[in-house]
Amino acid sequence: MYIKEIIIDGFKSYANRTVVPDFDPQFNAITGLNGSGKSNILDAICFVLGITKLDQVRVTSLQGLVYKKGQSGITKASVSIVFDNSDKDSAPMEYPSDKFPQITVTRQVVIGGKNKFLINGKTTKQNQVQTFFHSVQLNVNNPHFLIMQGRITKVLNMKPPEILGMLEEAAGTSLYEKQKSDAEKKMEKKNAKVLEIERMLAEDITPKLEKLRGDSQAYTKYKQQMNELQQLTRFCVAHKYTELEKLLAESSKKRTEIQDVIDSMKSDLREEKQTLVELREKEKDFDGRLLKSLRQELSALEKKLDGVSKTCVKENSVFKNKHEAFKKVESKNEQYSQQLLDFDKKIKDMELTVQEKQEGLQQVSEAVFVAKKQYDGSQISLQAANAGLDGGCSDNPEEEQQQRTIGEKIVDLKTKAEQAATSIKANKMEISAVKKELKSVKAQVSKAEKSDAKTKNEVEKYTSIVAELEEIINGIDYDHGSAQEMKSKLEGLESQWMSARDVAEKLGTQLTAFDFQFSSPSKDFDRSKVKGMVAKLITVNDNKSATALEVVAAGKLYHVVVDVVGTGKALLQKGKLQRRVTIIPLDKVRARTIDPQRIAAANSIAEKKGGTANVALSLVGYEDEVKRAMEHVFGTTLVCDSLETARSVTFDKQVRLRSVTLEGDSFDPQGTLSGGSRPNRGAVLVQLGKYREAQLQVSKLEEEMASLKAGIASMEGASKEYAKCSEKYELAKHELSLVLERAKSTPYAQLVSQQERLEKSLQDLAAGIETAENTRDASLKEASEMEESMKDIESARAKMVEKAQKSLDQSKANLKKAEQTLKKAQDNAETAALELKEL
């Protein structure tokens with residue numbers, strides 16, 4: 001019998017169904033590149049043959065044989081080997097070649113479930129499969145069944161007893177030796193059981209039989225007594241029966257007497273029924289009389305209701321009349337409001353008219369000013385002519401120029417004095433008009449003040465409320481800005497916390513293999529006694545060495561560290577573990593470390609090669625309480641930076657220690673080198689470090705959030721009070737602003753504003769009059785002084801005087817005409833102002 005074909009599905013690196021056909025009956029060789037899956041084919045054969053030492057197939061558990069440990073969606077590994085069974089001599093007895101020309105053996109393992117064996121498609125127990133292979137001299141658990149790399153020299157150097165053992169295994173005789181030893185052990189167990197049975201017969205069963213015999217005799221006696229009791233019971237029942245018959249005869253007589261009493265009572269009942277019928281007839285008569293009286297009362301009540309209805313109709317008509325009168329009053333109020341608006345429009349039109357008249361007055365005043373200026377110019381010419389200041393009048397040019405300048409100054413000063421006098425006159429007229437208007441407005445203000453008392457009271461009321469609320473808010477021990485800042489900071493922290501939590505959860509889903517969950521074996525169990533998985537108890541000092549450390553620890557990364565053996569036993573028995581685990585008790589684990597001489601020798605060799613060699617234990621961080629477990633896992637392996645350094649260190653006579661390179665290649669002093677097709681786990685230690693940092697970040701953010709929430713909660717009472725008062729304060733401020741706006745639009749407020757404007761205008765006009773009077777007096781005084789200085793100048797020529805006189809007469813006529821126009825315009829302006837005041 002030999003292998004004809006292998007079918008692999010979901011096993012290790014074979015994700016998809018793969019068929020390896022055409023095996024040779026005599027010799028087969030598997031070749032391929034590193035990592036192509038050569039070793040995995042041999043592992044698959046060992047897997048089907050029922051290998052128990054999983055380290056020979058480079059895994060720590062059966063789940064590790066599934067493709068990527070089930071993380072890629074494949075949760076089952078299956079391997080089938082088709083054996084050619086055509087050779088009658090080598091065919092197993094249970095499967096003759098004529099009935100079974102080929103035999104298919106299948107083994108399956110499921111993540112989180114049990115593995116099973118099948119022979120020709122039928123489920124079979126593992127020991128039956130092993131017996132089947134033993135019958136054809138196949139024992140996969142034989143230490144010499146597989147001669148791996150590096151063990152050839154060991155086989156060649158075997159001693160005669162070891163060679164004999166290997167030959168016996170090869171010949172298949174060792175199988176029967178094992179069966180013989182198993183049978184002897186079984187016989188010993190059976191003999192022990194027989195002795196135990198004999199002991200039980202002598203010590204337990206025989207005494208119990210004696211006791212049962214005594215119980216049997218007591219039962220027989222009890223049965224006899226029960227028979228006697230039954231006979232006596234029958235006798236008592238017969239006696240009781242005779243007594244009851246006598247009692248029955250007496251009861252019959254009494255029954256006859258009772259029947260007579262019943263008959264008399266029935267006759268009485270008939271009489272009572274007749275009486276009841278008569279009473280019901282009387283009741284009907286009484287009900288008729290009662291109904292009649294009730295109807296009379298109802299008619300009286302209906303009449304009263306009619307009267308009340310009439311009264312209601314009358315009152316309703318009165319209400320309607322008053323309602324219509326109220327509507328008429330409202331209509332009149334609307335008419336008055338419209339008339340008031342019309343008056344406001346007329347006042348605005350009249351104000352525009354007054355403004356136009358004043359503008360016309362201003363134009364006429366300007367025309368008068370121009371005429372006066374011409375008149376003054378003519379006077380100046382006349383004066384100059386009279387003074388003989390026209391060209392060539394004086395022999396001294398400097399004196400003539402001086403005289404001309406003084407004359408012009410006199411004219412300018414007089415003109416300035418006349419302008420000031422005109423301004424005084426105009427201001428006095430305006431003051432008179434303003435005083436009249438102010439008097440009228442004051443009278444209106446005093447009348448309107450009474451009607452505005454309600455608005456004034458409302459303003460005072462809401463001003464007082466706003467001030468009280470401001471005082472209350474200022475007295476509350478609450479900083480609104482600080483609270484808002486804390487809330488915004490809390491929102492930011494919540495956003496950061498959600499992001500950190502998502503990162504931690506994402507990393508956690510990638511590291512479910514390191515999620516060790518268990519139930520407390522007892523109610524008072526201290527969960528701190530379970531330290532956790534090795535991978536979660538360490539921190540990698542340098543991420544470059546993460547791959548090497550994973551190779552060093554291998555399956556021990558998944559071992560669980562506990563404080564004592566008792567804790568481990570409790571977990572295994574009552575912890576409801578979801579998968580098989582290996583426990584490392586700190587009180588029993590053997591801590592292994594490298595002696596300093598070897599470390600010094602390894603460092604010396606590494607320095608010569610230009611590399612480094614560090615103890616794996618020195619590359620990880622851990623708590624002191626788990627030091628023994630870490631020494632057990634990492635204490636006896638070196639981590640080197642290159643292959644050359646690792647090779648030199650491992651095989652040196654002074655060192656002779658296992659070494660692992662940073663890339664994950666491993667050297668063993670026994671002569672083996674592991675590498676190439678290393679399980680593609682990735683840098684899980686780096687991922688664990690990131691996961692631990694993410695969890696710390698989440699915890700830190702949760703603490704900050706809790707602190708902020710506590711602060712906000714402590715301010716909650718003050719916050720509610722502040723919010724309540726702030727709401728009242730804003731509402732009161734709004735009401736105050738509405739009242740103020742309403743107060744500004746009332747007739748009283750408009751009249752007060754108008755009064756203030758008139759009073760200010762009156763003050764401005766009085767100041768203008770005072771300034772103009774000062775200017776007038778100063779100008780006249782200076783002109784008088786200059787005229788005195790002009791008395792000694794020669795008289796002008798007659799021709800110049802005549803010419804200047806004509807010009808003066810013409811200017812005087814123009815000035816008179818302009819003054820008449822000005823007076824008329826002033827009268828019109830005053831008339832318009834008076835009409836406006838009357839309105």
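Does A732 count as buried or exposed, and at what relative accessibility? In this predicted model, A732 counts as buried because its relative accessibility is 7%, under the 20% cut-off.

View 1. Leaving aside neighbours within four places in sequence, A732 is in contact with Y462, I465, V466 and L469. The C-alpha atoms of A732 and T463 lie 8.4 Å apart in space, although 269 residues separate A732 from T463 in sequence.

**View 2. Helix α8 from end to end.** Helix α8 covers residues 480-510 and has 31 residues. The distance from the first C-alpha of α8 to the last is 45 Å. This span is close to the 45 Å expected at 1.5 Å a residue.

**View 3. Buried residues of helix α8.**

**View 4. Cysteines C46 and C640.** C46 counts as buried because its relative accessibility is 2%. C640 has a relative accessibility of 1% and therefore also counts as buried. For the model, the count of disulfides comes to 0, where a disulfide requires a pair of cysteine sulfur atoms within 2.5 Å.

Terms used: Residues are numbered from 1 along each chain as its sequence is written. This is a predicted model: local features need pLDDT of at least 70, side-chain atom pairs count only at pLDDT 80 or more; totals for chains, interfaces and linings use all residues. Side-chain values use heavy atoms; hydrogens and water are left out. Helices (H or I, at least four residues) and strands (E, at least two) are DSSP runs, numbered from the N terminus. The expected span of a helix is 1.5 Å times one less than its number of residues. Buried means under 20% relative accessible area, exposed over 50%, partly exposed in between (1.4 Å probe, protein chains only). Contact means heavy atoms within 4.5 Å.
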